[in-house]
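Here is a short report on one chain, written for reading beside the model. It covers strand pairing, a disulfide and some backbone angles.

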Amino acid sequence: VQLQASGGGLVQAGGSLRLSCAASGSIVSINHMGWYRQTPGKQRELVARITSGGGTNYADSVKGRFTISRDNAKNMVYLQMNSLKPEDTAVYYCNADIRRYIAVPSVEYWGQGTLVTVSS
């Protein structure tokens, strides 16, 4: 199983970016999917998460600006980021809790990270 993230880049403050993450490989089902971010010297933090049923939760710092969504048919998760701020600058990682085989517990997988840089 692989998670491939894309969509990062350089944007000015106030701008928007959309991150995408595709899960591929032998997959029976995907439970929650999410986005985390990390800056140098800090722990990775949850940005947003979405359950298989569409329930969402967000970090307080991004509420009202970011929207997470998923396409279960395509095994993809997205993060629409609006009104970006310099403090949103980080490497963003996608995450998914994936079941590869029936009757075997699911496992957390991580994407490779995509850099988002917001200039002031």
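Two strands count as paired if DSSP finds at least two bridges between them. Strands themselves are DSSP runs of E, at least two residues long, numbered from the N terminus. The model shown is predicted.

Strand 9 spans residues 90-99. Eight of its 10 residues are buried, so the rest of the structure largely encloses this strand. Buried here means under 20% relative accessible area.

Strand 9 pairs with strand 4, strand 10 and strand 11, as the table shows.

| Partner of strand 9 | Residues | Sense | Bridges | Residues facing each other |
|---|---|---|---|---|
| Strand 4 | 29-38 | antiparallel | eight | Met33 and Ala96 |
| Strand 10 | 107-110 | antiparallel | four | Ile98 and Val107 |
| Strand 11 | 114-119 | antiparallel | three | Tyr92 and Thr114 |

Take the pairs one at a time. Met33 has Ala96 of strand 9 as its bridge partner. Ile98 stands opposite Val107, a residue of strand 10. Tyr92 stands opposite Thr114, which belongs to strand 11. In a regular strand, side chains alternate between the two faces of the sheet.

**The disulfide**

How many disulfides are there? The count is one. Its cysteines are Cys21 and Cys94, with sulfur atoms 2.1 Å apart. That separation falls within the 2.5 Å cut-off for a disulfide. Cys21 lies in strand 3 (residues 17-24) and Cys94 in strand 9, so the bond ties together parts that are 73 residues apart in sequence. Is the disulfide right-handed or left-handed? The torsion about the S-S bond is about 50 degrees, so the disulfide is right-handed. Both Cys21 and Cys94 are buried.

Most residues other than glycine have a negative phi.

Asn75 sits in the loop between strand 7 (66-71) and strand 8 (76-81). Its relative accessibility is 24%, so Asn75 counts as partly exposed.

Ala103 sits in the loop between strand 9 and strand 10. Is Ala103 buried or exposed? With a relative accessible area of 75%, Ala103 is exposed.

Conventions
Residues are numbered from 1 along each chain as its sequence is written. This is a predicted model: local features need pLDDT of at least 70, side-chain atom pairs count only at pLDDT 80 or more; totals for chains, interfaces and linings use all residues. Side-chain values use heavy atoms; hydrogens and water are left out. Buried means under 20% relative accessible area, exposed over 50%, partly exposed in between (1.4 Å probe, protein chains only).
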